[in-house]
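Dear colleague,

I am handing over the structure we spoke about, and I would be glad if you could look through it with the notes below at your side.

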Amino acid sequence: MPQAGPALAGPDDTRGPCRTLPRSHRRAARRGRDWSHGSAKEEALKTIIEPFRIKTVEPLRMTTPAERRAALAKAEWNLFRIPAEAILIDLLTDSGTGAMSSEQWAGIMRGDESYAGARSWFVFERRVRELTGFRHIIPTHQGRAAERILFSCLGVSGRVVAANTHFDTTRANVEYLGGRAIDIPIAAARRPADEHPFKGNLDLEALEAILGGSEGDVACVIATVTNNSGGGQPASLENLRAASGLCRARGVPFYLDACRFAENAYFIKLREPGQGDRSVESIAREMFSLADGATFSAKKDGLANIGGFLASHDDRLFRLEEELLILTEGFPTYGGLAGRDLEAIAVGLTEVVNEDYLEYRIASVRYLGEGLMRAGFPIVRPPGGHAIYVDSGAFLPHIPPREFPAQALACAFYEEGGIRSVEIGTLMFGGLDPVTREERLAPLELLRLAIPRRVYTQSHMDYVIEVAEEVARRKESLRGFRIVEEAPHLRHFTVRLAPAGGGHGVRGPAKAETVEARDAAAGGSRPAHGATAEAKSAAARTERPGFRGPLPLWERRA
Ligand code: F0G
């Protein structure tokens, strides 16, 4: 391994985020680009360190390549099916996988488990209200429960929900309830190689058209901060202010999907003119003040392993939401959580706006991004707040989108070094068009390497980069997959795959077989679906009144 130490940058190491640069350039480098305007605090030294020390450790289990190949085959090349014990570095998600602090663990011990009116609820409510300013706060067991309750009570059936980009569970919850989820990110968000400080911005012209009724009645507008499915990119305060103004003028509720609000607020501090001298807490409060409500998964910037909330100012909506909460989640002072979880989240929501933490967090993600770029991987630029997204379609042009190039890369990273990542492409967002019965394609085939908070050190990231270099060396040998069995919603979680072209897995020899030839061999229909699976899937899609079937994440690939 190239380096065993935990420092993110060292004076003599040319691989760190901002080493070797004259001090005058270091701040700009930390912010990534010249569009940085913030005045970060004066630094005495250039090494960005993990601003914590380690009190409890969890051993990692090493595996051999042969074991990993066997695990992949057994899991039918779905990394969600691989037991975590067989993973060395788990970059599947940054959700619920963070390390809690000693203060959070102390909160766990303080947890009050009373059914109603627990002390822990008031601790949680106080911190959430202080940060967000919302009148009504509903605790939920995680983010998607907040989404389900919100969309059920707003009534999205037959209506439109517009967002910079809906996350997969957000889209699925809108569609499950018969609504239409429309993504309106700015154009730069669709071009992975473009550098832009705020690729998470909403396209304001598209928003105006939608609010004007171009797509039908609008139930609500959502700004996902940061924009997870769009590369973990932030939205600017200016954009949020403008979107909020447009929505308020039309009386349409404007919501934040606030899972990564602190990372977004920190990017605003670093990059947005006039924001550099503000605290992250103050920027975050302004972000929330622009919204009529928020959904939140505490598994990300709550620095907790579980939890979430739904918040708003709307009295009438709150009464409906509370009723549904009691029916499906729990009493309003715990909402599906234990008192100890509420305590851990309250502490996490304070720790997450600490700027030493955020500086380390953003630097560690960028460190991985820069390493992958040096290894020859095209990534979504600039590096996101919580993850690096590899443009796998560009990296593996010999694997067609229908054979899931990002999944091929995910399996190769696992096979090479026990690293788990996740496909965010046609496997996640494709699926059968309910009308044409054709497989739809995502516009980008991304592989996401998400970094858990406060868990891995720099040598772990150096190891990931070394594995990436090995994978890059044999990229021509990687092969795609076909679907053996899939569910009608969120299929990527449970899908069963097999190597495309009858190969032996990701290292397997290629058969010169086109998708068309394979389709023809399977009787002219989609080979991935056995007749029964397809019939079942079609039935599931039509059983639910108003359900339109999954829509593509972005627009259809030309
Ligand atoms: N919204 C966004 C932007 C998310 O990233 C997630 C979860 C959710 C909503 C749902 O929250 O998992 O608590 O129900 N994202 C995780 C991920 C799963 O891996 O990106 P949840």
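This is a predicted model: local features need pLDDT of at least 70, side-chain atom pairs count only at pLDDT 80 or more; totals for chains, interfaces and linings use all residues.

The protein chain has 558 residues, of which 59% are buried, and its secondary structure comes to 19 helices and 14 strands. When contacts between residues at least 6 apart in sequence are considered, 74% of them join residues at least 24 apart.

Aromatic rings

The count of aromatic pairs comes to 14. One of them is formed by Phe-52 and Tyr-360, whose ring centres are 5.4 Å apart and whose planes stand at 85°, which makes the pair edge-to-face. Phe-52 belongs to the loop between helix H1 (23–31) and helix H2 (65–74), whereas Tyr-360 belongs to helix H13 (residues 355–374), so the pair ties together parts of the chain that are 308 residues apart in sequence.

Another edge-to-face pair is that of Phe-134 and Phe-288, with 6.2 Å from centre to centre and 85° between the planes. This pair, too, links distant parts of the chain, since Phe-134 sits in the loop between helix H4 (119–132) and strand E2 (136–140) and Phe-288 in helix H10 (residues 280–289), 154 residues apart. Phe-134 and Phe-288 are both buried, and both belong to an aromatic cluster that also takes in Trp-121, Phe-124, Phe-261, Phe-296 and Phe-309.

A ring is also involved in a contact of another kind, in which the charged end of Lys-475 sits over Phe-395, at 4.3 Å from the centre of the ring.

On the H13 side the contact involves Tyr-367, Leu-368, Gly-371 and Leu-372, which meet Gln-458, Met-461, Asp-462, Val-464, Ile-465 and Ala-468 of H17.

Helix H5 (residues 143–154) and helix H11 (residues 315–328) have axes 9 Å apart and pack at an angle of about 130°, so that H5 is oblique to H11. The crossing of H5 and H11 is right-handed. Arg-148, Ile-149, Leu-150, Ser-152, Cys-153 and Leu-154 supply the H5 side of the contact, and Leu-317, Leu-320, Glu-321, Leu-324, Leu-325 and Thr-328 supply the H11 side.

Asn-239 lies in helix H8 (residues 237–250) and counts as buried, its relative accessibility being 6%. Which residues is Asn-239 in contact with, leaving aside its neighbours within four places in sequence? They are Asn-201, Leu-202 and Leu-204. For Asn-201, which is 38 residues away from Asn-239 along the chain, the separation of the two C-alpha atoms is 6.0 Å.

With kind regards

Note on methods: Residues are numbered from 1 along each chain as its sequence is written. Side-chain values use heavy atoms; hydrogens and water are left out. Rings of Phe, Tyr and Trp (its six-membered ring) pair if their centres lie within 6.5 Å; planes under 30 degrees apart count as stacked, over 60 as edge-to-face and the rest as tilted. Helices (H or I, at least four residues) and strands (E, at least two) are DSSP runs, numbered from the N terminus. Buried means under 20% relative accessible area, exposed over 50%, partly exposed in between (1.4 Å probe, protein chains only). A charge sits over a ring if NZ of Lys or CZ of Arg is within 6 Å of the ring centre and within 35 degrees of the ring normal. Contact means heavy atoms within 4.5 Å. Axes are lines fitted to C-alpha atoms, for helices over the stretch in contact, and angles run from 0 to 180 degrees between N-to-C directions. Angles under 35 degrees count as roughly parallel, over 145 as roughly antiparallel, 65 to 115 as roughly perpendicular and the rest as oblique. A crossing is left-handed if the near helix is turned anticlockwise from the far one by less than a right angle, and right-handed if clockwise.
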